Amino acid sequence: MDPPAAEDWPLTSPDTLKRKHEALRHCISKLSAASLRIIASLDLSTVLREAVESACELTGARYGVIATVDDSGQAQDVVSAGLTPEENKRLADWPDGPELFAHFRDLPGALRLRDLPGYIRSLGLSTEMIRWKVFQGTPMHHQGVHVGNFFLTEKKGGGEFTSEDEQFLVLFASQAATAIANARTHRAEQRTRANLEALVETSPIGVVVFDAGTGHPISFNREARRIVEGLRRPDQSPEQLLETITYRRADGREIVLNEFPLALQLSTATTVRAEEIVLEVPDGRSVTTLVNSTPIRSAGGEVESMVVTMQDLAPLEELERSRAEFLSLVSHELRAPLTSIKGSTTTVLEASPSLEPAEMLQFFHIIDEQADHMRGLISDLLDAGRIETGTLSVSPEPAEVANLVEQARNTFLSGGGRHTVLIDLPPDLPPVLADRRRIVQVLNNLFSNAARHAPASSPIRVGAARDGVYVAISVSDEGRGVSPDLLPNLFRKHTRVGSGDQERGIGGSGLGLAICKGLVEAHGGRIRAESGGKDQGTRFTFTIPVAEQSGNVAAPGSARSASRSSRKGREGRRILVVDDDPKTLRYVRDALTSAGYSPLVTGNPREVADLVRTKKPHLVLLDLMLPGTDGIELMERLPELSDLPVIFISAYGRDETIARALQSGAADYIVKPFSPTELAARVQAALRRLAVPPEPFQLGDLAIHYEQRLVTVAGHPVELTATEYELLRVLSVNAGRVTTYDSLLQQVWSGKDTGDYQSVRAYVKRLRRKLGDNAASPDYVFNVRQVGYRMPKPGKD
């Protein structure tokens, strides 16, 4: 509150001047105390609570609300004083609330009102929630940026807010805006720090930070703890372990820390880049690591800390061993037919006297068979190389599963297979989209694999079933089985499961199952293995996309016309590709264009929301790792992605990473490198899944039959408008998750500008009334204050 200017003061007695001086000092003291209260904490919730309570105390207001806004002007954080939880909830659900807030928010300066209800009526809004008469409010600005607003009502002693109250509030608002800006900055820094710590903690590279002054480790991440865990005794702490380790560098130098303190070494440390260092403890246990170290220096150049990253080289050494074994295996496989060929030709050429024609023909048969064997081996090697580099291509066309299985069976038996192949296929299987030669190759590999691990007297069984937009084909044997913990390794190259010549997956070149996996995934399918354990047999199941039903199945020679038909169906399908790697963007763009899609590409995740709103893509291809964020976080954060199929593309192929992506709602996951054929097949499968009607939704008495667009409550049909039905549909398909106001506007109203959230609230109110859902104690549609709405998952609270 500002006192009158000195020249305006009337001639008064010294006592009057003294009282005015005391009043001014008291006002300044109250304002200073209030300012100190709000800057005493950097926690945003605490700052907002202290700010609104202080504003009420400074002006004598009975009730107060402070609302912060984001960059778009939408309310972000709302904190009240004096209001009960029930009053807060009623205000939050008031349909005209957002419009009134937008009006007050956009006022250029402070506002005092003697008749709040009359003012609201003059705006054309309802006053059903307003029970207060007097009002004052003011915006908060920090460095020219609108931070939020104060809203105060009702003087504690009655009466109206005065000009002095307004001056107090305006002065305090500037202090509060600064405190809020500081708290926001602190929160952003804390989140950035937490994200960085999480990134370091979950990094596949070990990270250790040392204090240069003491030599003690400040932090170990999870991978660093794992690397040294094998060296540590149970009773040893990490600090004690460091004192016993000997570091042997690549040049042969050894550093023993108990003889040469780490703190002394760190104080003179230099940068180390990609140096192989062996960590060894006195009992001989050791681990070989690839180490990088970077000293962190103060402004004066002194080393303050040391960041050390280390990579366990054991997996690379294992990879090198596997490579050597593979080369040895291939050399053996090539040497055997070459030996037979060489022996046969030598016998024919050097025989004296010359061989009879019949004998010579037998040697020619041997040469022919062994040459075929070598050709198959080389073909496997070439296929494995194409799969590894993502250049394996297939030419899918509609085909009957029964014909594919029968062709594979005949090939297997004519090639010397001794097992009976029992085929049990349902008669109503739809045609599949398959490269006939490649799927027959997959089945033959699986038949051969089963034959190697099961007695000749036991049958090989083939079955199939419809699985959504796929057909799942299975091949089962009655052999020795596989331990469940080894099943995930079966499809890796050169995997050894078992012993001796009967190692699972070693047939011929050791590439059979790995090639099966690559061929199936090139079709857009998946392959898996199941076994109950030892002597329980093994079942391999792979999926192939169902062919679009457009008449009779194409003959084997009509692949070109089928391809043209499929391409025609894709025209106009817009695919948004988000990846910060320009090479990947070009590769995916060209692959999608060749497949008949219309790609939209961006390397900036901040552009995704706007591109989805304006370009309306049918599907999104999203890189897992993006600048400043990751794809899973982006998908969860942007409401624009909530109703679109998202396929992740990533170089990370770990099972837990793929599972996390799929659990977050992704439609599929493709591991780099991938072929254009696989990419197109997976995109097509994801788009076709959208056309399959979901199962009916049942929550208590409420039932939603999506295919018939029928809604019933306790068996009685409910008449809904098109917008009401779409609102209920969006909430139900996202059951268990909060659907934000922005997401509802985007999905139900197609992103049209409704001005605010009033339309959403009004439609939810009408929808609840038709469903018989009590807003105070709902069964179906729950309000999440200031965020949106949610429906519980069926069977869950």
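Colleague: Are F648 and Y669 buried or exposed?

Modeller: Both F648 and Y669 are buried; that label means under 20% relative accessible area, while exposed means over 50% and partly exposed is in between (1.4 Å probe, protein chains only). Keep in mind that this is a predicted model, where local features need pLDDT of at least 70, side-chain atom pairs count only at pLDDT 80 or more, and totals for chains, interfaces and linings use all residues. Residues are numbered from 1 along each chain as its sequence is written, and side-chain values use heavy atoms, with hydrogens and water left out.

Colleague: OK. How many aromatic pairs does a search of the whole structure find?

Modeller: The search turns up 12 aromatic pairs. F648 and Y669 make a tilted one, at 6.5 Å centre to centre with 45° between the planes. F648 sits in strand 25 (residues 646–650) and Y669 in strand 26 (residues 668–671), so this pair ties together parts that are 21 residues apart in sequence. As for the rule, rings of Phe, Tyr and Trp (its six-membered ring) pair if their centres lie within 6.5 Å; planes under 30 degrees apart are stacked, over 60 edge-to-face, and the rest tilted.

Colleague: And which rings are linked into a cluster?

Modeller: F101, F104, Y119, F135 and F151, joined up by ring pairs. Two of those names, F101 and F104, come up again among the buried residues of helix 4.

Colleague: How many residues of helix 4 are buried, then?

Modeller: 7 of the 9 in helix 4 (residues 97–105), and that makes the helix mostly covered. The buried ones are G97, P98, L100, F101, A102, F104 and R105. A bit of background here: an α-helix has 3.6 residues a turn, so residues three or four places apart point the same way.

Colleague: Zooming out, how many helices and strands are in the protein?

Modeller: You get 23 helices and 33 strands. Both are DSSP runs numbered from the N terminus: helices are H or I with at least four residues, strands are E with at least two. Of the protein's 797 residues, 44% count as buried.

Colleague: New topic. How many salt bridges does the structure hold?

Modeller: There are 34, each one a side-chain nitrogen of Lys or Arg within 4 Å of a carboxyl oxygen of Asp or Glu. One of them joins the side chains of R131 and E87, 2.2 Å from N to O. That pair links distant parts of the chain, 44 residues apart: R131 is in the loop between helix 5 (116–122) and strand 4 (135–142), and E87 is in helix 3 (residues 85–93).

Colleague: Why would two side chains pair like that?

Modeller: Side chains of opposite charge can pair when their charged atoms come close. In this case R131 is partly exposed at 46% relative accessible area, while E87 counts as buried at 11%.

Colleague: Which residues are linked in a network of salt bridges?

Modeller: K517, E521, R526, D668, E678 and R682. Within it, E521 bridges to R526 with the closest N and O atoms 3.6 Å apart. E521 is buried at 15% relative accessible area, and R526 is partly exposed at 34%.

Colleague: What about R528, what does it form a salt bridge with?

Modeller: With E530, where the closest N and O atoms are 3.9 Å apart. R528 is partly exposed at 42%, and E530 is partly exposed too, at 31%.

Colleague: Back to rings. Which ring does the charged end of R766 sit over?

Modeller: The ring of Y763, 4.2 Å from its centre. R790 has its charged end over the ring of F782, at 4.7 Å from the centre. To count, NZ of Lys or CZ of Arg must be within 6 Å of the ring centre and within 35 degrees of the ring normal.

Colleague: Last one: what does V601 touch?

Modeller: V577, L585 and R589, leaving out residues up to four places away in sequence; a contact means heavy atoms within 4.5 Å. V601 is in strand 21 (residues 598–602) and is partly exposed at 37% relative accessible area. V601 and R589 are 12 residues apart in sequence and 7.3 Å apart in space, C-alpha to C-alpha.
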